[in-house]
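User: I should like to learn how to read the features of a protein model. May we work through one together?

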Amino acid sequence: MPGTAGTNPTSGRRHSIIGAAALTALLMALGLTACSADSPPPTRASSAGPSAGPSAGPPPAAEPVPDPTLAPRLSASENLDYFDFIAAGVLRADPAAGGKAFIDGLVAGGFDKKTMEVTFDRTQADLAADSIQFSVRVNDECLIGQNGPATGGYHSMVADVLGSGTCLVGGTRQIDW
């Protein structure tokens with residue numbers, strides 16, 4: 001009979017759909033709760049089984065990574081980490097370092113000043129340069145560093161020596177100090 005409870009086929013489907021929607025909402029809420037910032041991070045189960053006790057102390061410290069060193073017989077690519085290490089030290093000492101500071105740092109680090117180039121810190125209009133470039137020629141390659149607000153800070157690269165025998169394009173200043 002139409003309208004009698006329990007005999008209407010659409011009523012049973014409606015209850016199934018509502019039940020499925022409620023179950024989906026509940027599962028989603030549980031999933032979001034598990035991912036909340038207040039819950040502790042997940043832990044891995046120990047492979048030792050339930051008899052494993054608490055750890056005897058902190059994990060062993062990682063071996064310290066040695067500072068890179070100059071390797072004059074190697075390629076520019078193999079010396080790039082050391083070049084960057086020197087430049088980072090210059091910038092730690094003076095975040096607004098100019099070309100002279102980078103050249104002095106590289107010389108102190110063992111690079112040969114005769115193989116270096118540096119651009120001007122100031123423009124022809126006597127304004128601070130947007131960026132400066134400095135380089136060291138290593139065999140037939142160049143280590144090139146660039147720093148300044150126009151470049152978003154320090155960057156470096158390895159490039160081939162130009163046909164002119166230099167590393168930097170354009171005017172460079174004489175390294176006479």
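User: Which residues line the largest pocket?

Analyst: This is a predicted model, and its largest pocket is lined by Pro95, Ala96, Ala97, Gly98, Asp121, Ala128, Ala129, Ser131, Ile132, Asn147, Gly148 and Pro149. The volume of this pocket is about 160 Å³.

User: How many residues of each class does the lining of the largest pocket have?

Analyst: Seven residues of the lining are nonpolar, four are polar and one is charged.

User: Let us turn to a helix. Which residues of helix α3 are buried?

Analyst: A residue is called buried when its relative accessible area is under 20%. In α3, which spans residues 99-108, Gly99, Phe102, Ile103, Gly105 and Leu106 are buried. They lie on the same side of α3, because they cover an arc of only 160° around the axis.

User: What do the buried residues of α3 pack against?

Analyst: They pack against the helix α2 (76-93) and against β1 (116-118), β2 (132-138) and β3 (141-147).

User: What follows just after α3?

Analyst: Glycine 110 is found there, with a positive phi of about 105°.

User: What is the average pLDDT of the protein?

Analyst: pLDDT is the predictor's confidence in each residue. The protein averages 78, and 67% of the residues score at least 70. Over residues 9-53, however, the pLDDT is below 50, and this stretch has three contacts in the model beyond near neighbours in sequence. Residues 1-6 also stay under 50, with one contact beyond four places in sequence.

User: How should coordinates be read where pLDDT is low?

Analyst: Where pLDDT is low, the predicted coordinates should not be read in detail.

How values were computed:
Residues numbered from 1 in each chain as written. Predicted model: local features only at pLDDT ≥ 70, side-chain atom pairs only at ≥ 80, totals over all residues. Heavy atoms only, no water. 1 Å grid on protein atoms, 1.4 Å probe; cavity = no way out; pocket = protein on both sides within 12 Å on 5 of 7 lines; lining within 4 Å. Points joined across faces, edges and corners; volume = space filled by probe spheres on them. Nonpolar A, V, L, I, M, F, W, Y, C, P; charged D, E, K, R; others polar. Buried < 20%, exposed > 50% of the residue type's maximum accessible area, 1.4 Å probe, protein only. Helix = DSSP H or I, 4+ residues; strand = E, 2+ residues; numbered from the N terminus. Arc of directions from axis to C-beta. Contact = heavy atoms within 4.5 Å. pLDDT = per-residue confidence, 0-100.
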